[in-house]
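I opened this notebook to keep track of what I looked up in the structure and of the cut-offs behind each term. The entries follow the order in which I went through the chains.

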Amino acid sequence: MSDHAKPKKTPKPPKAHGWMAEYADDNQLLDAARKVKDSGYTRIDAFTPFAVHGIDEAIGIKPTALPWFTLCAGFAGLTVALTMEYWMNAVDYPYIISGKPYASWPAFIPVAFELTVLFSAFTTVFAMLGLNGLPRFSSPFFSNPKFDRTTDDRFFLWIGSSDKYFNSEKVQSLLTSTGALSVEEVREDDSPSDIPKPIIFAIIAGILVTLIPGAIVLNMRNAKSGESRLHVFFDMDFQPSRHTQTSTAMFADGRVQRPPVPGTVARGELGATDPYTLGYDPSQTVSTDSATAAAKLVSFQQDGEVAGDESKGAEASETPAVEPSETEPTDAEGVAAEEVTADPGAQPAADEAAPAAAAGVPNYAWLTELPVEANGELFELGRHKFEQHCALCHGYGGYGNGLVAQRAAELAQGYWLQPANLHDQAIEEQPVGRIYYTITHGKGKMGSYAASLTPEERWAVVAYVKALQRSQNAQPSDIPTRGDIAQ
Amino acid sequence: MAANIPNDNLTIPASWRGMAPVLIAVGAVCVLISLGLFYFTGSEAKPDVGFRVFFHSYLANFMFCLSFCLGALFFVLVTHLVRASWASSIRRLSELLAFTISWWALLFIPILAMVLFTNSQALYAWNGGPGSDLPMIVQNKLSYLNPGFFAIRTLVYFAIWGITARIYFLLSRKQDDTGDTEISLKLQRWAGPAIMLFALALNFAAFDWMMSTDAAWFSTIYGVYVFAAGLLSFFAVMIILCNMLQNSGRIEKLVTVEHYQDMSKFQHGFIVFWAYIAFSQFLLYWYGNIPEETLWYKVRMTNGWQYVGLLLIVFHFAVPFLGTMSRHVRRNRGVMAGWAGLILVAHWLDMMFLILPNAAPVTPMLVLGHLICWIGMVSIFLALFLLRAGETPVVATKDPWLPESLAYQVGP
Amino acid sequence: MASIASPAIDNTIDIPGRRTPLVLGNQTYASVTHMVARISEEAQPAIWWIAFAIAFPLMLMFGGLIGYLILTGVGVWGNMSPVFWGWPIVNFVFWVGIGHAGTLISAILFLFRQNWRTSINRAAEAMTIFAVICAGTFPGIHVGRAWLAFWLTPYPSLNLWMWPQFRSPLLWDVFAVGTYASVSLIFWYMGMIPDLASFRDRSKNKWRRMVYGLLCLGWSGSSRHWMRYEKAYVILSALATPLVLSVHTVVSFDFAVSQLPGWHTTIFPPYFVAGAIFSGFAMVLTLLIPVRAIYNLKDLITPRHLDNMCKIILATGSMVGLAYTTEFFMAWYSQNPYEFFTFWNRAFGPYWWAYWIMFSCNVITPQLFWFRVFRTNTVIMWVVTIFVNIGMWFERFVICCTSLSRDFLPSSWGYFSPTWVDIGMLVGSFGLFTTLFLLFCRFLPIIAISEIKWTISQHAHSEHRYKHGHEHH
């Protein structure tokens, strides 16, 4: 029995592996198995077409550790899922969705459950196969075609030759005495155990072929190419519309961007040339700069020119003219004041602000009176909008000490420009149209609020600013006398 | 066939039955104590709040016992329906539990009387009627939630359960004498329609009695939730009951370790099912975040109730789920009885969590009063059960499936 | 081989205390092996080829339509504001629902020790996998840019620098359906291993032997292997049971976590699960009634099996009916005007026809199964299951389309009309499903041979016990 020579090198018959007895049904098998086990054999196994209940005790099979594999995998799946969800949605890529917190544990449970099951199920099956030593394509039990009936209708009992009490004759007679249909010797499988070369070659070739797409992808990711990429799906990359700032043969002027159709007004631009919308009277330009600007504006209106001029003329006669000499110095002073308020250390910021000043502050015929009726409602709207949009920087009192300014001062960042103090002499003296213009177009670091505030709201803010200025610079004459109160 | 059936002592110990009057007395006293406790401690802020809390507590404890009786009735019906042979060892006990429903229904009379004869809003706000200052959303429901219709529905529910339980119990008793296998066929045939009626009644009873304590709130899954809780607590009660009977020398051979394993498996299954239903309801309302739906949870996540909710997650799901997973635990009846006891405590918390937050925040006094009320109600229930059972054999020995039930070995 | 005569005993009749045989015609272990294995060994009957000739072109058409859709865009479907979840999602939910019966039969019925499942579980599991393949196709192509569907997986992407959104039920769906498909597949395969070994050991042809030998992983039938195999089977069943519930639950979350009237209701999870089991069993019957006739398997798939499946259809159909009632009641009880309008609109609005098709097919037709005569007549049974399939498709249509077509804002109301591509894809998905099922019948063991043998052995034991008991009586 202890012949250790490899079967394939010796011409001798294959090594014995034990004896196998054949039975017709599961009851006979169970009886025989109990008998064999009682005789003291331990290297025994049964081969059956289905799971015979009771065989475990009959041949002494110990319970399997399989459930522990499942349990561990289940915990692993749960942990992996919860950690993954938390890290991905709350740490690495947090953003709010459906108003839910980043770490939305209730919402994480379904996926956590699924991964728990996924991990445990796959572990169970692969652990079962692993513990069973499957796949195994070569076995002594496959060598005799008679044993093929084990998957059909026969029950086999095997006593291994490695059993410590094994004695070939005794085993054979014991098995025969259990009422077996037949008793046969099992021999080791003597067919060559090497895998045939063509199969190895095919497997290697298969692995290599599967690596090709990955290699191509890797190569493409790391290499540069001048060619445009291959478009399997167009992804809206090619569209019939033209890019901006290019030319086209479709129109006589060759321009891609088209001017408005004559006689039309774009949405939201109705009255774009009114003093009400502009804050100044465009028909009464006072400097070259602003004349050019006004001319540009008018050129947009191309064919509506005449009509526009007429209406402007009519408005101009209604609106009181503003003396240029009055506005110009004020404006210059305003710019100067702004430059002074800037942090002296903020050189780049000052440089940035400089072009704006250099480009010339417009010198228009500013409106000096509100073009809307100043009443409580307007004032209330102005206060509301001021506190919403302006107070953040300029402060509720208008001293340029809003929360943002305070915060910036605290951080002491060099490029921060102090917001203007609305109670500066220069700003106090600005006509309403000028303030309106600043709100509309911004100034220095301050951006345009045209998108946030409608013209009416801007005028309301202007009214509120004027009132604010007045409130901070009250004169003794402003205090009502007894007579006033009596009234 | 009788030769196959082991000779066991099949009657509930006489000493237990002798305790029934004592239990009733103790029960009545405890319920009254809890009423007094609530009335005198709860009345500081509002005059009727003590009364309110008492009725909520009473209903919660009423449902505690009723839910596992309903679980028992369902178990009887469904095991007949699917010819589950393993259940025949323990079906008589379930029949007895279900048979107690018709007597237990008498304890609903205080609630019914309050609804019918007063306008008290102590339990149901809608009982104030159209004249009271109910929100519009509740006013519109009064065509359904009104005392008369409520009483009729209540009678119908109890009639469906009581009559079904009575038929199944009496026919099974008849089989004890005659051994007529036709009876099994008959019970099996009628189990289908009976289950349908049972399900309808349970679904709407859960809406009427429990969900309408918060008349504005609604959840379509509520009936399923109560069903899941009921079946879970039923298996826990059965494990404890079988264990106690075996400890006192009854049904020692007729209920085997295989039956414990099966009951424990079902208990485990329903732990998961309960968690599934509870989580589904919570997730959908949490995610939808619609005020009128989340209000119910809002109440249960404040005023100390959030800790009860956490206790439920831990002791109604996580701990027993992991604890009763193993085959070795399930086959040890002493250990399983301990786990079943934990399940019943959690079930008590669950019923409390469903009903009591509508009445008051958690206070030590509330828990104490509720506990005393629970002791009282359970004592009364036990007495009724013992009286109902009397000397009835606790296993149906002529059940044709009993030999198979005893021979069965649970697989791996 | 044993002549297959009409069953001598009617195994739908119950004898209390005695198990009716689950396999008829005095089968032996060998005859069972032969009866199943011959299907893949012999030439297929003409009807198989006819069915294949119909189904295969339909499958190709399905593939063609998917190509057309991808190259053209999802505009080829009828999905249009306000109904953006049209037929593709209806088809998805329909097929996922169908795919619930297989694992239910192999897992839940196994845990409940319903041994009759052994004759039908293999085919049902196969059906599950094919249905899930059909189901998975639809959301895959519904995402618009189907070639980027892999973005749904949480992989560290160098291009996107972002992760999937785990608070979205649609992503839960990816995990739920993905887990379900892969676990069902491995469960099915594991169940087939011993039967593939039977195929291997019967094969005369060397190649056939090698292929089945590889597929069965060298199964030898050792008791040690069987012990671990059985344990794995129990564990997988215990895992698959909540998994089955979770899949349609998550599908229901797709709808129910929204605030849309008719979708946002807490009963959706159990109600969807019941509906899925209902439709799944109907589809199992639709397939197995012809299969048992064509392949002469009436002794293995007996009237008893059909009778039991009819009862499950009746039970789940009634559960679905209870859910419809509860929903309708709660729509009124909630006093939410939108909710109530939606339900009123379902029953009496422009889609009334769909609602009443759904209601009559799902709730009323299964009630026929209260009567034994309908549970034993295969023709009527087959017709009823077809109706149930239709009804369940319409249930998903009603849920998807009525709620979306009329929501809170009357100005955005609309009416959904499918295009020819929608219809072609629904038909084509049936082609894919049928083709896969026909190939399965052709090549794999369509009945769990080893498990049937086990029930034969069990029946012998229980008969022995029964007779033994009566001798003493």
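I began with a strand pairing in chain A, where A:Gly18 stands opposite A:Val186 in β4(A). I note here that I am working on a predicted model, in which local features need pLDDT of at least 70 and side-chain atom pairs count only at pLDDT 80 or more, while totals for chains, interfaces and linings use all residues. Residues are numbered from 1 along each chain as its sequence is written, and chains are lettered from A and ligands numbered from 1 in the order in which they are written.

**Strands of chain A.** I checked how covered β1 (residues 16-23) is, and six of its eight residues are buried. By the rule I use, a residue is buried if 20 or more other C-beta atoms lie within 10 Å of its own, exposed if 12 or fewer, and partly exposed in between, with C-beta atoms placed from the backbone.

**Cores.** I next looked at nonpolar cores, each a set of buried Ala, Val, Leu, Ile, Met, Phe, Trp, Tyr and Cys residues joined through C-beta atoms within 7 Å. The largest one has 332 residues, and those with the most contacts inside it are A:Leu157, B:Cys69, B:Leu73, B:Ala228 and C:Val284. Helix α3 (residues 49-81) of chain B gives the most to this core, with 21 residues. I also recorded a second, separate core of 26 residues, which includes A:Trp366, A:Cys393, A:Ala460 and A:Ala463. As background, in soluble globular proteins nonpolar side chains tend to be buried together. Turning to A:Leu157, and leaving aside its neighbours within four places in sequence, I listed its contacts (C-beta atoms, placed from the backbone, within 7 Å), among them A:Ala21, A:Tyr23, A:Val36, A:Ile44 and A:Leu175.

**An exposed tryptophan.** I looked up A:Trp68, which lies in helix α3 (residues 66-92) of chain A, and A:Trp68 counts as exposed because 10 other C-beta atoms lie within 10 Å. Its C-alpha atom is separated by 9.3 Å from that of A:Thr124, 56 residues apart along the chain.

**Chain C as a whole.** I found 16 helices and zero strands in chain C, and its C-alpha trace spans about 75 × 55 × 40 Å along its principal axes. A compact globule of 473 residues would have a radius of gyration near 23 Å, so the 24 Å of chain C agrees; the radius is taken over C-alpha atoms, and the globule rule is 2.2 Å times the number of residues to the power 0.38. Buried residues make up 54% of the 473 residues in chain C. In α1(C), C:Tyr29, C:Val32, C:Thr33, C:Met35, C:Val36, C:Ala37 and C:Ile39 are buried.

**Where chain C meets chain A.** I recorded that the contact takes 51 residues from chain C and 56 residues from chain A. On the side of chain C that touches chain A, the largest share, 16 residues, comes from α8(C).

**Backbone checks.** As a reference, most residues other than glycine have a negative phi, and most peptide bonds are trans. I noted a cis peptide bond joining A:Leu134 and A:Pro135, with omega about -5°, and A:Pro135 lies in the loop between α4 (105-132) and β3 (155-160) of chain A. The peptide bond from C:Ser81 to C:Pro82 is cis as well, with omega near 0°. I also looked up B:Arg83, whose phi is near 55°, a positive value in a residue other than glycine, and B:Arg83 counts as buried because 20 C-beta neighbours lie inside 10 Å. Phi of C:Asn26 is near 45°, likewise positive, and C:Asn26 is exposed, with 11 other C-beta atoms within 10 Å.

Definitions and conventions. Helix = DSSP H or I, 4+ residues; strand = E, 2+ residues; numbered from the N terminus. Contact = placed C-beta atoms within 7 Å. Pairing = 2+ DSSP bridges.
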